[in-house]
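Have the viewer open and follow along.

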Amino acid sequence: MLICKIIKSLAFIGIIFLSTFLHSELVFPQKLTELQLDSLYKKFLQLTSPDLLPKSDVTEEITKEDRKCGFDLVNQIKLSLEYYNSEQQTLLKTLVARPVMQKSIVSPSGFFRIHFDTTGSNIPSYVTSWSANQNAAEVAISSDSSFSFEISHLGFLTPPPDGINGGDNKYDIYITNQSAGLYGYTEWETKVGSTNWTSFVVVDNDYPASQFFSAGLDGMRVTVAHEFHHGIQLGNYSVQNGNSPFRNSDIFFYELTSTSMEEFVYDDVNDYYAYMDEYFKRTYV
């Protein structure tokens, strides 16, 4: 009980830190070296499309933290696209594009559009005895719960609409098979104001216990709470950095705050317990 209270206190402090750092003096990252670009490329493929990476290139160590959230990884790839060769660019642009799904539903609140497949490997299966529609409906409910707490209760600003991307201006969440064990990610798209970017969220389709600390519905729920908060961050609290909505130096604080939302929205899941030991062993990171 004591450690839970300590962690919750640290999470609230993280929210304050995030606000402070996002409005501090801007220090932008330099262009990545060729070695860093290669490492980023291999790690991205290992986490998103491992079948596309030759086994001889599987050299990156994939940690629990890497699998927790692809927010930093996916967006670093987008920022670095121009530095890859034409073949790599073609592949990467395909992988970071919005998923194309077979069906979509609107959440009860009307704010979210949930995209999913009813056949194939992407079928949502958090509860295996349920239909694809029933499982997708749970994502819609979880999305509304996250909105209710993070926007209505805590008072964060709503992410801006994305025009017709995804079919209309609702906030889009895509359910796909994250075969390498990636919980999910939030991807920025278009700058619509000085500190405002549109975005969309991708979550796993089943969260099997063999790959995730929190399985099934629990894994999906905390991921939605976490990733939607990244959408809030990008939507209203970004920094002016040319074609980038954030600085590398802020990633820790983005993640700290979004992880705290898991605890606040779904207090009984506690997925972050899986990462506490590594964090307290390496508080200097």
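## A strand in the middle of things

Threonine 198 is found in strand E5. Keep in mind that we're looking at a predicted model here. Is threonine 198 buried or exposed? At 2% relative accessibility, threonine 198 counts as buried, because the cut-off for that label is under 20%. Leaving aside residues up to four places away in sequence, threonine 198 touches Pro160, Pro161, Asp162, Glu187, Trp188, Glu189, Thr190 and Val192.

Zoom out to the whole strand. E5 covers residues 196-204, and nine of the nine are buried, so the strand is largely enclosed by the rest of the structure. Which residues point which way from E5? Asn196, Thr198, Phe200, Val202 and Asp204 go one way, while Trp197, Ser199, Val201 and Val203 go the other, and all are buried.

Now for the strands that pair with E5. Strand E4 (residues 184-193) pairs with E5 in the antiparallel sense, over seven bridges. A hairpin of two residues takes the chain from E4 to E5. Within this pairing, tryptophan 188 has serine 199 of E5 as its bridge partner. Strand E3 (residues 171-176) pairs with E5 too, but in the parallel sense and over four bridges. There, isoleucine 173 stands opposite valine 201 in E5.

A search of the whole structure turns up 23 aromatic pairs.

| Ring pair | Centre to centre | Angle between planes | Type |
|---|---|---|---|
| Phenylalanine 111 and phenylalanine 228 | 6.4 Å | 75° | edge-to-face |
| Phenylalanine 112 and phenylalanine 228 | 5.1 Å | 70° | edge-to-face |

What do these pairs tie together? Phenylalanine 112 lies in strand E2 and phenylalanine 228 in helix H7, so their pair connects parts that are 116 residues apart in sequence. Phenylalanine 111 lies in the loop between strand E1 (103-106) and strand E2 (112-116), with phenylalanine 228 in helix H7 (residues 216-236), so this pair ties together parts that are 117 residues apart in sequence.

Phenylalanine 228 has 1% relative accessibility and counts as buried, because that is under the 20% cut-off. Phenylalanine 112 is buried as well. Ring pairs also link Phe111, Phe112, Phe147, Tyr171 and Phe228 into a cluster.

Helix H6 (residues 132-153) has 22 residues, and its first and last C-alpha atoms are 31 Å apart, close to the 32 Å expected at 1.5 Å a residue. Just after H6, glycine 155 takes a positive phi of about 90°.

Helix H8 (residues 251-265) has 15 residues and reaches 21 Å from its first C-alpha to its last, close to the 21 Å expected. H8 is mostly covered, with 12 of its 15 residues buried. Among the buried ones are Ile251, Phe253, Tyr254, Met261, Phe264 and Val265, and the list also includes Glu255, Glu262 and Glu263.

## An exposed loop residue

Serine 121 has its place in the loop between E2 and H6. How does its exposure come out? Serine 121 is exposed, because its relative accessible area is 52% and the cut-off is over 50%. Not counting residues up to four places away in sequence, serine 121 touches Asn177 and Asn205. Serine 121 and threonine 176 are 55 residues apart in sequence, and their C-alpha atoms are 8.1 Å apart in space.

The protein averages a pLDDT of 86, and 86% of the residues score at least 70. Over residues 1-7 the pLDDT is below 50, and this stretch has five contacts in the model beyond near neighbours in sequence. Residues 9-30 also have a pLDDT below 50, and here the model has 36 contacts beyond near neighbours in sequence. Where pLDDT is low, the predicted coordinates should not be read in detail.

Note on methods. Residues numbered from 1 in each chain as written. Predicted model: local features only at pLDDT ≥ 70, side-chain atom pairs only at ≥ 80, totals over all residues. Heavy atoms only, no water. Buried < 20%, exposed > 50% of the residue type's maximum accessible area, 1.4 Å probe, protein only. Pairing = 2+ DSSP bridges. Expected span 1.5 Å × (residues − 1). pLDDT = per-residue confidence, 0-100. Contact = heavy atoms within 4.5 Å. Phe/Tyr/Trp six-rings, centres within 6.5 Å; stacked < 30°, edge-to-face > 60°.
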